[in-house]
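Student: I would like to go through this structure with some questions about its chains and how they meet.
Tutor: Go ahead; the structure is shown below.

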Amino acid sequence: MAHASEESTANREILAKVRPAELPRPSLVLNGRSFHWITEKVCGIVEEPTPLWWKVMFTMALCLAAFTFGGLAYLVSTGTGVWGLRSPIGWGWAIVNFVFWVGIGHAGTLISAILCLLRQKWRTSINRAAEAMTIFAVCCAGLFPLFHVGRVWFGWWLFPIPNQNGIWPQFRSPLEWDVFAVSTYFTVSTLFWYMGMVPDLATIRDRARTWWRKAFYSFLAMGWRNGNRQWCNFEMAYLLLAGLSTPLVLSVHTIVSFDFAVSNVPGWHTTIFPPYFVAGAIFSGFAMVLTLMLPLRAIYRLHDTINQYHIDNMTKIILATGSMVGYAYATEFFIAAYSGNPFEKFAFINRAFGQYAWAYWIMVTCNVISPQFFWFKAVRENHALVWIICLFVNVGMWFERFVITVTSLANDYLPSSWGYYSPTIVDIFTFFGTFGFFSVLFLLFIRFLPLLPMAEIKSVIPQADPHAH
Amino acid sequence: MNDHSPQDTQPRREERVFGVACSFRSVAEIFHAAERIRDAGWKKWDVYTPFPIHGMDAAMGLPRSSIPRVTLLAGITGFVTGCLLTWYTNSFDYPLIVGAKPYWSVIYPFPVLYECTILFAAFGTFFGQFIFNRLPRHHHPLFDVPQFIRVSDDAFMVVLEVTDPHFGNPDKAYDFLASLGGQDITLVRD
Amino acid sequence: MRRLLEFLNRPTHAGNFFPRWANGAPLRIVIFLVLAGALVTAAVNEYATNKYLNVGYTPDQPVAFDHSFHAGVLGLDCRYCHTNVEKSPHSNVPATSTCWNCHSIIKKDAPTIAPIRESMASGAPIQWVKVHKVPDYVYFPHSVHVSRGISCVECHGRIDQMEVVGQQKSLSMLFCLDCHRNPELAVRPVDKVTDLAWSAATPAAQVEQGTKFVHDWKIAPPQSCSGCHR
Amino acid sequence: MSKRVFIHPEPKVGDVTGPSYWRSLEERNKSPEFRTRAEREFLDGASTLTEVDRRSFLALMGASFGLAGLGLSGCREPRNHTLPYAKTPEMTIPGVPTYFASSFPGEYANQAILVETQQRRPTKIEGNPSHTLSGTASSKVAQASVLGLYDPDRATTSVGVNGAPIASAAVRDTLAVFAKDAGNGAGLAFLARPSTSPTRAHLVRLIKQRFPQAVWAEYTPVDQSAGDRALGETVRVLPDFAAAKRILTLDADFLGSGDQQVEATRTYAAARRADTPEQAKQMVRLYAVESLFTLTGAAADHRLPLETSQLAAFAAQLSAEVMRLTGGASSVAAPKLDIDPKWIVECAADLVAHRGQSLVVAGAHLPAAVHQLIAQVNQQLDAVGKTVRYVATDRTPASTIAQLVATKPKQLVILGGNPVFDAPADLDFANVVKAATSVVRLGGYGPDADETSRLTRDQKGLFVAQSHYLEAWSDGRTLDGSYVPVQPMIAPLYDTLSEIEVLAILSGSGNTDALHWITERFNEIAKASSEASSFDAWLTEGVLRGTKFNPTSIRPAVAQVTAPEVSRQKLEVRIVPSTGAGDGATANNAWLLEAPDAMSKVCWENIILVSPALAKSLEIEPVPMVINKIGALNRNINQVVDGKLKCSVLRVTVGGRTVEGPAFIMPGLAKWTLGLQLGFGRRVVGRAGARVAERLNEGRVVGVGFDAYPLVTTANPVFSTGATIELTSETVVVANTQDHWSMEGRDIVREGSVEDFSEKPTFAARLGVDGHVPAVYGIDEKLSPAEKARTTPRGNSAYEHPDHTVPPNVAVWRNQGDKTPLPQQWGMSIDLNTCTGCNACVTACQAENNIPVVGRDQVLKGRDMRWIRLDRYFFDGREQAGMEIPENPQVTFLAVACQHCETAPCESVCPANATVHDDQGINTMAYNRCIGTRYCANNCPYKVRRFNFVDYNERQVGHYYRGPLGEKGMPETLKMQKNPDVSVRMRGVMEKCTYCIQRIQEAKIQAKAKAGASPDTNVRDGSIQVACQQACPAGAIEFGDISDSSTRVAKAKASPRTYGALSYLNTRPRTTFQAKLRNPNLRMPGARSTPNSRLEMAGREGSHEVHAATSEGHGHTTGH
């Protein structure tokens, strides 16, 4: 033992002599905060008495969410006719919203999974909220494909349940693929999110003073003890889940894009859809992350944990994906022209100049042009501007889905059955209500669950390095 | 160092001991302590830290986690289940001509097979992690240790468990920990 | 409410929150849930089906018409009363006049057939209670089945042994499909269709001759939607 | 199908308090068939019944719906009752429809029909094949008439002078008294619609005997016999289109409207049918000169838009030319015309060149002089006796309505019609009614749904509820005079009287039983007829042979013609019956109202047709859908905003009388002609014909559309000149079912000239994009029909396709080799060359398949449900056409229903297995499995799938959006019309053409039942007739087993003109089209050897055209 101690002291002396080169590495937590500071910061959010702004926001969110559920109730009782759908436009806002929300969701998984695999430490301060966003977005998304069917009470026919009619779902249909993809995505994201949260729940549990907190957080923490033997399995499992989520997130939006790509509607039947949808999803997802995180950062003064470095990275990703999306738009046109297929040609020209031209140009402006401002450092550092551009991107991505879904259906093969789709008030209420629904869930999250992953942040600050001083 | 009162040191006969715990100030300290304990050949002991310390597994001499095996197994199960499901329902039990596509081929249901694989693998990993960590376990002797509360915040703790052959009687453990520079060493009662 | 909040917010002691036995609870809960789930599934598959809900449905009829006597003991042919079964998709319930053919002579004053006398007098129909019913979107044609060697007994059971008619087969879609997939188990000589007591010497014999009939008569029962749903 | 004599049911007088369906409903109650129907998931819930008096409703429901949820036993379904007959009626097998021969009464000619009845409930009208001239065909109006029987707004009871309902017994007494008061008939006047019924004619004679002073007048807004009368009071002109090689029509829409439509279309189609180039060379060529764009004009090979008022001049010039060529003496001074004289010269030359095979017909509304001229021309063309016959009808002379008004009648009897609404405006008929001391009004619609009936009640007159023709005895004559019965199919639903009965009562000749008079007439006529027959035989057959009109000869008088000036300032107004409401008689028939006008595609209302030139002068300039040239998307011919047709309101003034209506720009309209359509804008009308807004607050009811009758005058009933127009600032939304007029140069409709056909018979299969792909069912596919139907060429696909040669999923059939029974393969072929776009198939389909009516507001939302969509495309021939609205385009109709693709795109996207292929190659649709994702509709390139967006069957039009609280349930009478063999779909369910699967199944079931213990189970060709095929007057639709090359449909598909629409998608449609042939006379001005559609295609995708021409047999490679 003595021998051991000598050796360690020897090490210390050597290490003391060593002067490691100062690598200019942006620190992920500013002002050299301590472990305890981080704990206080994050747990404080959960432990402080409910702030007024939260109560106000929560009430407003509830009211807004009521629109969605009112709209759905009317829909189910009266029929799909309460929406603006018509022949030949069989899919309208419902599917648009579905793709929109699913797309939003993807950034969360991306940040937590892909960046985790790439050992991008900066993800740590945003991944928890991003994952939460994923799950809540998928909740909103899930409503639409479920309720847009004519007889929702038979929705269970989509699951392979043995029944006395001896008939099964049809696995050639992209919609059936969706059922599996979206439910899997929701489940796995939830597992991933929850598992990553367990140590932080343990922290809150240990700090809990009142009975219900103790009960609540003890239950959620599953008796986590921070033992390294647990950390060992935990980290491995976390890495694996990240590894599983990465192909999952790509597959999910690929399959969502199959809803269109597998059909034979001109403008839908395109091989570019899967990559282009995924890029679009990441694009909109990061925009939404920023839309949510910037205000939170301001409210909870998280400037040390979410700093310019994070924002730079995210805006750059938005810039990159935005450009990819723009490239995809261009490619679509080229391929259509190149194919020599009159229906394809027409579909795209009609998109840009037809009766829905306005939607198309809104889409281009928001998705392709607005992110280009992120080339400039000044813009990236002006957070108000960043936030506004992100809003534009969200709008633009919604319109992208609208353009794809509606314009292709409105003018396809037979000019005799061309039509024009416009939403009804029920459509509109149902969609905007989902923002309320999303906010309700998100507000509950920031009120009761650790907003930032404490353990992970702690593990990336200098003090966490066993070989440092 | 040895300034704790005898009543702590003398385990009463009727109650069982879980082990001995002590705290360390910094990551570096506990890291080296862990290496020493490992070298001393201890098996039943653990290091409690607010976050996973890089390299600690090696320092403790822990083997690589075997969760990946579970994941792989579960994934394969998922794929096979998917195949059986789609084949049985669409080709064997009630074959129907749909768009002149084959009754079953590995191509058309592939998205489903893919998702099944991932779903099962994820469940395998998730539950594997909890089972390997013997969780959930809501009652544990350590929760009764006052300073253990801080472990999930910024404290670092080592616990030598009584079940380890090296443990012998608590005093030996006390001294050993003391020699590692551990602070406020306490007996953990079960 | 306030009391509740106080209860929830009361301070807790340090140390273990859950008692020792709580450690065993999760496993037990899981096991319980699994068992319960299995039980529910089994129950639904058993009880939420025609097999359970409709088999054995034996309502009282306005006239206590005893099939086991008329069809069994007297040996009336089914088609004496259900005249259109070979011509129409529907096997008609006989008109009062059909009953009257005999009962104007036999037991014409019996109190049991009072409703028949009234109906004959007033011309108002007898309100028989329907026993065998398939969903309204199912089009089951009796004519083709009986004329291609599918006996009444396959769907209605031994009517000739029932005092009061009750449903014996589930008549669910799977029930139909089973027979449409293995007709050889049911097809019999056409002249034996209304002979409910008839059955092949052995199951093997049934399969053998059934197979022969299926081949000779080119029986290819439909299994796609259009067979039964229009 | 078996036709039966109808045993007339004992009439039973219901009680006064309300309508009484007793008789008919007892029958229904007793039929197990009806019972099962009544239980139909989608049908029942007959919880409320608005228009039937509550008491009787409960009474009868107590009987028929004993099932309504009494005695729930546990969680079982409610206890249901089976209600058998008390005494089995003859010839009624529950569940097996019975067919009775009858005829659909017309004013000019009756249509011989068969009525399908389910337990004595008429459910469907078919043509009567015994009447060879019309065969199984029937018109749209006849098809829809069955709905009129069950119209919930029909008069359910007569109304006495005190305004209270009275029973028919009381009516009889009142009428008897009325007749007694009438004395010798001074001041007594009768006004009726024209009729072909000899019995009525006879009763009229009796009435004239009884009331020598009385006036018997007949009036109809659209007089179809005017042209005939110009040649003699009883003359009828019978053109024989089948015999003609060259036809010139002057404003005569013989294919589109009128009682002769079915016969005319049938014979014309016979002359038009051409399966081989040789036949094509013999094909009839049709010249049309007309002011509006009618179906006849659409079918024409050469069409000259010319104002109706100028047609007299045209006729004169034509006759002059024909005389010149034939050396006849032309005696008529021909006024000037600003048209290319070459048109007349060449046309006349062509007609003369085919002497004995050519024919000229003129519209009935043209001046007498024109008919005289045309008669002369036909004589010169040696047409008489060859392509046109003159026969003597038994028409009895009657006074005109103007004469009636002149007598200022004191006692007025109005039989049928609706003069208060449709009498010429200058007569102000309402005042005549008000002036009369006592009025008797016989009408099908009561004071709440009919102007005349309303006025009668207000004037304390007697309103007599009239029986529907399916409820009462009558008789009539068809176009060629064949004597046909009108049989009652069902005892009167309500307590009503028929016209015959009323006349019989008024004639005071004792016997008031209609059957008595019919039998008497029959015996009279049968005596005269050449072939002996019995009354029963007549009823069974539906036609009395040897009773055709006898030929007569005419001596056309010499007449002078004038051509009033027309110009932008002096416009011409042409008034025609609307395709929906007719002259107003069918203004409450939802099927007809929703069936869009074939040319304008407008439904549920009427419009003012204006020519593009006129529109330009009014500065109505529709904005194009697309501003660029790249897409070269043709502008809409009318303003379309957000998918809704927005028309600016036009004010038309003629002789001080003004009408306002939406202006609809119609290509090909004569420059200065305004087309007005009658029948809409009813002031009192039932719910179907009323605007939804008014219908919702059940108060004031105003008819849809606008009323054009103010412009109808005694002098100019159907067209007048000197009209002025002004554009109001107002615009209105007009319901239509097709926004876009151009095919955008796509290869959907394919046409060729006779020339093309003889050069390259398979030209159709190689057009456009399909030039590069195997036209799977095309002629040049190397497969036999059976192979085409049964196998799916693998092509470049990644895997083998299952096909229809595999044994059924039955264990004992596995590896039985060629013993395996191969199911028959059903398919359809539609001949675009003979299709005239008459809409008969659309309505027949609606009647057969329980297709709901959705109402105007839903049509505006683009949700019409009809399974057959009759697409109308204009072709103006310019490459990159379309910034200009075509002045005189060609038009083609394409009837698109489900194509039953072999590789159906809809199937593979349905997650629920609700739409799959069956082993007969039908794309089945299991409504009860559908959850309504609408993905199939999106993925259908033909856009033929229809979705039940709201509860079209359970909720009334206009009540769709009332949410969970809105009242539900279908009117009881409408339920009676539903076809029990077809599920009524609920909301949230997709539906589409099923190839009339119910008829296919019935046929198969019968074949198998007949086969019994034998393997001979195949359905014989012709034993399945799908509804559209049966109704089609042109015989353009063939259906049957395409795996057997001997069937009619297989032969049709073998035609070189066969092509599959959009077949480059490799959908391999089961329904194929035979390309349309145009038969141009290249010497005509502006004649092109290539159809306009082809020119546009070439302009759009030129290379294909060339490529296709050079690549014979190209493109099979990928086929196998």
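Student: How many residues does the contact take from chain D and from chain A?
Tutor: The model is predicted. Two residues count as in contact when their C-beta atoms, placed from the backbone, lie within 7 Å. On that basis the contact takes 51 residues from chain A and, from chain D, 59 residues.

Student: Which element gives the most to the side of chain D that touches chain A?
Tutor: Elements of chain D that each supply at least two residues of this side are β31 (869-875), α28 (905-908), α29 (935-939), β33 (946-947) and α34 (1092-1110). By class, the side has 28 nonpolar, 15 polar and 16 charged residues. With four residues, the element that gives the most is α29(D).

Student: Within chain D, which element gives the most to the side of domain 1 that touches domain 3?
Tutor: Domain 1 of chain D comprises 1-33 + 77-225 + 395-528, and domain 3 comprises 571-734. In their contact, 22 residues of domain 1 of chain D meet 24 residues of domain 3 of chain D. On the domain 1 side, α4 (140-149), α15 (419-422) and α17 (451-458) of chain D each supply at least two residues. The one that gives the most, with five residues, is α4(D).

Student: How many nonpolar, polar and charged residues does that side of domain 1 of chain D have?
Tutor: The side in question is the one that touches domain 3 of chain D. Its residues divide by class into two polar, eight charged and 12 nonpolar.

Student: How far apart are the end C-alpha atoms of helix α31 of chain D?
Tutor: Helix α31(D) covers residues 997-1011, which is 15 residues.

Student: What do the buried residues of α31(D) pack against?
Tutor: The buried residues of α31(D) include Ile997(D), Ile1000(D), Ile1005(D) and Lys1008(D). Arg999(D), Glu1002(D) and Lys1004(D) are also among them. The packing partners lie in two chains: β30 (826-831) of chain D and, from chain C, α8 (142-147).

Student: What radius of gyration does chain B have?
Tutor: Chain B has six helices and four strands, and buried residues make up 51% of its 190 residues. Its C-alpha trace spans about 85 × 35 × 30 Å along the principal axes. A compact globule of 190 residues would have a radius of gyration near 16 Å, but the value for chain B is 26 Å.

Note on methods. Residues are numbered from 1 along each chain as its sequence is written. Chains are lettered from A and ligands numbered from 1 in the order in which they are written. This is a predicted model: local features need pLDDT of at least 70, side-chain atom pairs count only at pLDDT 80 or more; totals for chains, interfaces and linings use all residues. The expected span of a helix is 1.5 Å times one less than its number of residues. A residue is buried if 20 or more other C-beta atoms lie within 10 Å of its own, exposed if 12 or fewer, and partly exposed in between; C-beta atoms are placed from the backbone. Domain bounds come from an automatic or database domain assignment. Ala, Val, Leu, Ile, Met, Phe, Trp, Tyr, Cys and Pro count as nonpolar, Asp, Glu, Lys and Arg as charged, and the others, Gly among them, as polar. The radius of gyration is taken over C-alpha atoms; the globule rule is 2.2 Å times the number of residues to the power 0.38.
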